[in-house]
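Look at the structure first, then read on.

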Amino acid sequence: MLAPPLVFLCLLQTPAPPRPVFIEDLTTTEVREAIAGGATTALVYAGSTEQNGPHLVIGKHLLIARWVAERVARELGNALVYPVIPFAPTGDAERRTGHMAYPGSVSLAPATFAAVVHDVARSAIAAGFKYVALLGDHGDGQDDLARVARQLDAVWRPRGVRVLYIGDAYSVERARAARYLAQHHLPPDRHAGLDATSELLAIDSARAVRGERIPDAAGVPGVDGDPRGASAELGRMFLQWKVDAAVAEIRRLLPPPR
């Protein structure tokens, strides 16, 4: 049994848990105090709820977006994260095109998606954030995010508030990953292939990946790529590229924190 002085010393050396950066984990008073204390930036990240073959969960984009958003917020040091938007355009529900040909997928019309993003961003402005960054982990909807950012920024920039589309987290990582796969003679990844599978292996392999289905997932309906060869090590690299690209673009476009 530890002596009391040693117990006290251990308690003193226990690191404090990191402060929450997701607003759903804070009270309204804590959000207000964080903004007053310098949390000037709100991150609004859009994911998607869509099929990802037999080996990856439908919430792939939600897991990735939440993981990346937290790291971006902590690296910036002056940002809070709004709840990840779970839906995006994924196909036509009536004609069952795109991902909507598969059960479990959810699709918003582009106009609906844009309206949701607009209202979430507007809510962040109402809360008192000076800067709102719009990001997306799903390919469809990137143009909508950019358009909403332009529209809101035109209205709010004269009032000292910026709304910006941060597209590098998606486009830069995709380009870097494509080059890496080609240089290492690995198959290209378009959907649910090596890139995405590696990222989910790094984030939560037990819950998000059906490892026993990976060997048979290449080329099956719903998979455009080959997930064989995926690894958590590759996933950590790809995810960090997303974080680095987002942080660099935000810092390039917004003034540094005071």
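The report covers aromatic pairs, charges over rings, and then the cavity and the pocket.

## About the model

This is a predicted model; local features need pLDDT of at least 70, side-chain atom pairs count only at pLDDT 80 or more, and totals for chains, interfaces and linings use all residues. Residues are numbered from 1 along each chain as its sequence is written, and side-chain values use heavy atoms, with hydrogens and water left out.

## Aromatic pairs

A pair of aromatic rings is described by the distance of the centres and the angle of the planes. The structure holds 4 aromatic pairs (rings of Phe, Tyr and Trp, the last by its six-membered ring, with centres within 6.5 Å; planes under 30 degrees apart are stacked, over 60 edge-to-face, the rest tilted). One of them joins Tyr 82 and Phe 129: the centres are 6.0 Å apart and the planes stand at 70 degrees, so the pair is edge-to-face. Tyr 82 lies in the loop between strand S2 (79-81) and helix H4 (110-127), and Phe 129 in the loop between H4 and strand S3 (131-136), so the pair ties together parts 47 residues apart in sequence. Helices (H or I, at least four residues) and strands (E, at least two) are DSSP runs, numbered from the N terminus. Both Tyr 82 and Phe 129 are buried (under 20% relative accessible area, with a 1.4 Å probe and protein chains only).

Tyr 180 and Phe 238 also form an edge-to-face pair, with 6.2 Å between centres and 85 degrees between planes. Tyr 180 lies in helix H6 (residues 168-183) and Phe 238 in helix H8 (residues 232-253), so this pair ties together parts 58 residues apart in sequence. Tyr 180 and Phe 238 are buried. Together with Trp 241, they form one aromatic cluster.

## Charges over rings

Which ring does Arg 66 lie over? Arg 66 lies over the face of Phe 22, at 3.7 Å from the ring centre. The charged end of Arg 159 sits over the ring of Trp 156, 4.1 Å from its centre. Such a charge is NZ of Lys or CZ of Arg within 6 Å of the ring centre and within 35 degrees of the ring normal.

## The pocket

The largest pocket is lined by 20 residues (a pocket is an open set of points on a 1 Å grid over the protein atoms alone, with protein on both sides within 12 Å along at least five of seven lines; lining residues have an atom within 4 Å of a point). His 61, Asp 137, Tyr 170, Arg 174 and Arg 190 lie nearest its centre.

How values were computed: Buried means under 20% relative accessible area, exposed over 50%, partly exposed in between (1.4 Å probe, protein chains only). On a 1 Å grid over the protein atoms alone, a cavity is a set of points where a 1.4 Å probe fits but cannot get out, and a pocket is an open set with protein on both sides within 12 Å along at least five of seven lines; lining residues have an atom within 4 Å of a point.
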